[in-house]
Amino acid sequence: MHYVCSDIHGRWERYEAMVEGLKLSGDDRLYILGDVIDRGDSGIRILQHIKDQPNMTFFLGNHEMILYNSICMADEEWMDTWLLNGGKKTIEDFVNLNREEQDGLLEFLEQSWAVMPDLAVGENHYYLVHAFPDLNYLEESVSFSRIMREEGGPKRFYDMMWSRADRMLRRGEIGKLKRLDTLKKMERKVIFGHTITTRFFENMFRESSGRNSWDGGKPKIYYGENPDFTCIDCGCAMRDGRGCLGVLRLEDGEEFYF
């Protein structure tokens, strides 16, 4: 079986519950679409555990991008961004690793995926990315290290890590949204995280009621229509405790929440 989740954000208790609940066998595969660090207290612990699992496939998110740029580029602006985005505990835990462990994590990030544009599961084909697809990548899966070596790659990578689909919909950014239509015509089902799904439900609520506030309880996986996409960030980073870790099984569409 093939499972997809994203945006664990340092919540070890939710990650552990997922691992125990899914009971992955040797034939199963879990795709984690980035942002396992920051916000919560156990991001480095989770990242180290994922690194050692043969049946987990990891993608970078914008938070792992911040970690890598802050450490490897020794960039103060990226470090400030990291602190502003909940990175204080992650920084402390990374610094407390020995040099071999630090180098091992950085190498793991370099080898992890930036985008997987054509994952075949049964008769369906999936486009997996952290935040939003890029039509320059339609065939081969591309690692972080490779995309950063390409001409124009760093800019495209930034866009795939930081774009907010809810804002595109709210502002009517047709150009970027047309990417989803193109992928639908190619029969690719787009799955990403990065944006907590409540934001899409809030957009729907505003459109239907004209009101600006929405309280729909706990987040759940969101399925967009026109344009078509699936967002699976169910809000582990939410401070009010409503968030959870959502997982989607690709064979049958069954949803799991931890």
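This short talk covers a sheet, a helix pair and the cysteines of one predicted model.

Some ground rules. Residues are numbered from 1 along each chain as its sequence is written, and side-chain values use heavy atoms, without hydrogens and water. Because the model is predicted, local features need pLDDT of at least 70 and side-chain atom pairs count only at pLDDT 80 or more, while totals for chains, interfaces and linings use all residues.

Let's start with the sheet. Helices (H or I, at least four residues) and strands (E, at least two) are DSSP runs, numbered from the N terminus. Two strands pair if DSSP finds at least two bridges between them. Here 5 strands make an open sheet, in the order E3-E2-E1-E10-E11. The pairing is mixed. Which strands stand at the edges? They are E3 (56-58) and E11 (255-257). Each has a single partner strand, so one side of each lacks a neighbour in the sheet. From one strand to the next, the twist averages 25 degrees.

Now walk across. E2 (residues 29-32) and E3 run parallel, joined by 3 bridges. Leu-30 has Met-56 in E3 as its bridge partner. E1 (residues 2-5) and E10 run antiparallel, with 2 bridges. There, Val-4 partners Leu-248 in E10. E10 and E11 are also antiparallel, with 3 bridges. Val-247 partners Phe-256 in E11. These two strands form a hairpin with 5 residues between them. In the turn, Gly-253 has a positive phi of about 75 degrees.

Stay on E10 (residues 246-249) for a moment. Gly-246 and Leu-248 point one way, Val-247 and Arg-249 the other. Are they buried or exposed? All are buried, meaning under 20% relative accessible area with a 1.4 Å probe, protein chains only.

Next, the helices. H4 (residues 76-84) packs on H5 (residues 88-95) at about 120 degrees, with axes 7 Å apart. The axes are lines fitted to C-alpha atoms over the stretch in contact, and angles run from 0 to 180 degrees between N-to-C directions. That makes H4 oblique to H5; oblique is what remains after under 35 degrees (roughly parallel), over 145 (roughly antiparallel) and 65 to 115 (roughly perpendicular). Met-79, Trp-82 and Leu-83 of H4 meet Lys-88, Thr-90 and Ile-91 of H5, with contact meaning heavy atoms within 4.5 Å.

Last, cysteines. How many disulfides does the structure hold? It holds 0, a disulfide being a pair of cysteine sulfur atoms within 2.5 Å. For Cys-234, the nearest cysteine sulfur is that of Cys-244, 4.8 Å away. Cys-234 counts as buried, at 1% relative accessibility.

Methods:
Buried < 20%, exposed > 50% of the residue type's maximum accessible area, 1.4 Å probe, protein only.
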